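Here's a quick briefing to read alongside the model. Have the sequence and the 3D view open as you go.

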Amino acid sequence: MLRCLFLLLATTSFAVAQTNVLTLGVKGDGQADDTAAIQKAVLEKGSLVFPKGTYKLSQTIEVDLSKTGLIGLSSDGTARFIMTGAGPAFRVTGHHEGTAAPSSLKPEVWAQERTPMISGFEIFGGHPEADGVEVGGTMQVTFHRLVVSKCRHGIRLTPRNRNVLISDCHLYDNSGIGVFLDNLNLHQINIVGSHISYNRGGGVVSRGGNVRNLHIGTCDIEGNHHADSPASANVELDSTGGSIGEVAIVGCTLQHTSKAPGSANIRILGAGTDPSLERKMGRAHTREGNVTISANVFSDVRVNIEVKESRGVVISGNTFWEGFEHDIIAENCEHLIVSSNNFDRNPRYLVNGFQNSENNGLVFKNCADSSITGNIIAGVMRKRAAVEIQGGRRLMITNNSILDCDSIGLLLEGVEGSLVSDNIIRDDRAADVKSKEPSLVVTDGNDNQIGSNLLGNGKKVQ
């Protein structure tokens, strides 16, 4: 009984706290321009609920948290905003300049601006440069059950935020990016349980800035490429001009579309910027990373995972197929771990009308202090080798099964100080289709230890 009373009081309190915009002169009929009325309501009431209806906007609704105080903008999923002007439908601006630590929070910012919440409605683009929501300077902004479609960018975060939550959202069919971390200073962001799909500029994209603690989990992220758009990725982490690291991508499906040039499921460009690094380490660019990629399903792109100039990337326990150019291509990386993955060629997923294009295969160029272990790699076609190692040093390549590929199984060129042992490298298909190439080829390397391997076609060491 007491519990029921508590829930009733809590519900009543919530209902009283939020003001129905239809009582404030907002029409919501899809005909009237509601921009001025909604802007006035935001400034006067802060916390608003939007009943079922279509709300037409011609300009951005500015939500300055120092003026509005605590805000919540919500609906039950039946409110639709049509943004007919350029820019975001809503721009939320806070004034938090500290970190996520409580000691760095100004009392007035916490009292006035904490945890703005946006939930339960759709933003639909009626202008080529319309965006969904833009957020900056906030502490603990929360997006929940938000739908953005036919806009440019879905959710854009810039220039500084802390502790961002994005959950149960649909960012669908936008011309730009689904979630855009745009030259952003941000630590702590969780993107969970969302569909981020068919956004031509990429799914979750972080470029420049200073980003740490990015968690992407249990999302469906697909089709964020287009044959007529620039190269993009379902998840892109580009440290150029900045620094991006401490990232976990776990339990997602990432796929589509192989017909878009330059498409990747995950692209990590780790060459960041640190003016003091050349003095300390002798090179101008950092190798950003510390990224864990685990328990995901990857398919149907040109390259499933592309990693360049990165350090501390772990790719473990994932399922791969249909990397039309490569399953993994890694260049100039350190402390890279690729373990316990399934790189498959399941006949069930052959693409009609696009045969002889699913090549798959793993390529590692000039990587060091790294491990490739415990993987199953099968059915790599039309490649120099199923696993190709160009340059590199202090590599451990052990306990892999490289099976039924139509060329060399494992190729090492110019590799130094590395261990290759306990691998099964065989092609046991019918005689008329099986590879005639050596299972293992080692050229131009030195100080390597080639241990016990089970080889179908022997090895060649030059």
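This is a predicted model: local features need pLDDT of at least 70, side-chain atom pairs count only at pLDDT 80 or more; totals for chains, interfaces and linings use all residues.

A cavity here is a set of points, on a 1 Å grid over the protein atoms alone, where a 1.4 Å probe fits but cannot get out. Its volume is the space filled by probe spheres set on the points, with grid points joined across faces, edges and corners.

Residues are numbered from 1 along each chain as its sequence is written, and side-chain values use heavy atoms, with hydrogens and water left out.

**The chain overall**

- The chain's secondary structure comes to five helices and 46 strands; these are DSSP runs, numbered from the N terminus, with helices being H or I of at least four residues and strands being E of at least two.
- The C-alpha trace spans about 80 × 55 × 50 Å along its principal axes.
- Of the chain's 462 residues, 52% count as buried, where buried means under 20% relative accessible area, exposed means over 50%, and partly exposed is in between (1.4 Å probe, protein chains only).
- Take the contacts (heavy atoms within 4.5 Å) between residues at least 6 apart in sequence: 68% of them join residues at least 24 apart.

**Cavities**

- There are four cavities of 30 Å³ or more in the structure.
- The largest cavity is lined by 14 residues, and the closest to its centre are Cys405, Ser407, Arg426, Asp427 and Ser439; a lining residue has an atom within 4 Å of a point.
- Strands β40 (408-413) and β42 (424-426) are the elements that give two or more residues to that lining.
- The lining of the largest cavity divides into five nonpolar, five polar and four charged residues.

**The nonpolar core and two packing spots**

- A nonpolar core is a set of buried Ala, Val, Leu, Ile, Met, Phe, Trp, Tyr and Cys residues joined through side-chain atoms within 4.5 Å.
- The largest such core has 93 residues, and Phe143 and Phe364 touch the most other members. Strand β6 (residues 72-83) supplies the largest share of this core, with four residues.
- Leaving out residues up to four places away in sequence, Phe143 touches Ile118, Val133, Val135, Ile155, Leu157, Val164, Leu165, Ile166, Ser167 and Cys169.
- Ile315 sits in strand β29 (residues 311-316) and counts as buried because its relative accessibility is 0%.
- Beyond four places in sequence, the residues that Ile315 touches include Ile293, Ile305, Phe320, Ile328 and Leu336.

**Cysteines**

- How many disulfides does a search of the whole structure find? The count is zero, a disulfide being a pair of cysteine sulfur atoms within 2.5 Å.
- Cys333 is in no disulfide, and the nearest cysteine sulfur, that of Cys367, is 4.6 Å away. Cys333 is buried, at 1% relative accessibility.

- The peptide bond from Thr158 to Pro159 is cis, with omega near -15°, and Pro159 lies in the loop between β13 (155-157) and β14 (160-167).
- His256 and Thr257 are also joined by a cis peptide bond, with omega about 5°; Thr257 is in the loop between β24 (253-255) and β25 (264-269).
- Asn163, in strand β14, has a positive phi near 55° without being a glycine. Asn163 is partly exposed, at 22% relative accessibility.
- Asp369 is not a glycine either, yet its phi is positive at about 55°; look for Asp369 in strand β35 (residues 368-373).

**A buried loop glycine**

- Gly208 is in the loop between β19 (202-207) and β20 (210-217), and counts as buried because its relative accessible area is 6%.
- Setting aside neighbours within four places in sequence, Gly208 contacts Asn183, Leu184, Asp238, Thr240, Gly241, Gly242 and Ile244.

Definitions and conventions
On a 1 Å grid over the protein atoms alone, a cavity is a set of points where a 1.4 Å probe fits but cannot get out, and a pocket is an open set with protein on both sides within 12 Å along at least five of seven lines; lining residues have an atom within 4 Å of a point. Ala, Val, Leu, Ile, Met, Phe, Trp, Tyr, Cys and Pro count as nonpolar, Asp, Glu, Lys and Arg as charged, and the others, Gly among them, as polar.
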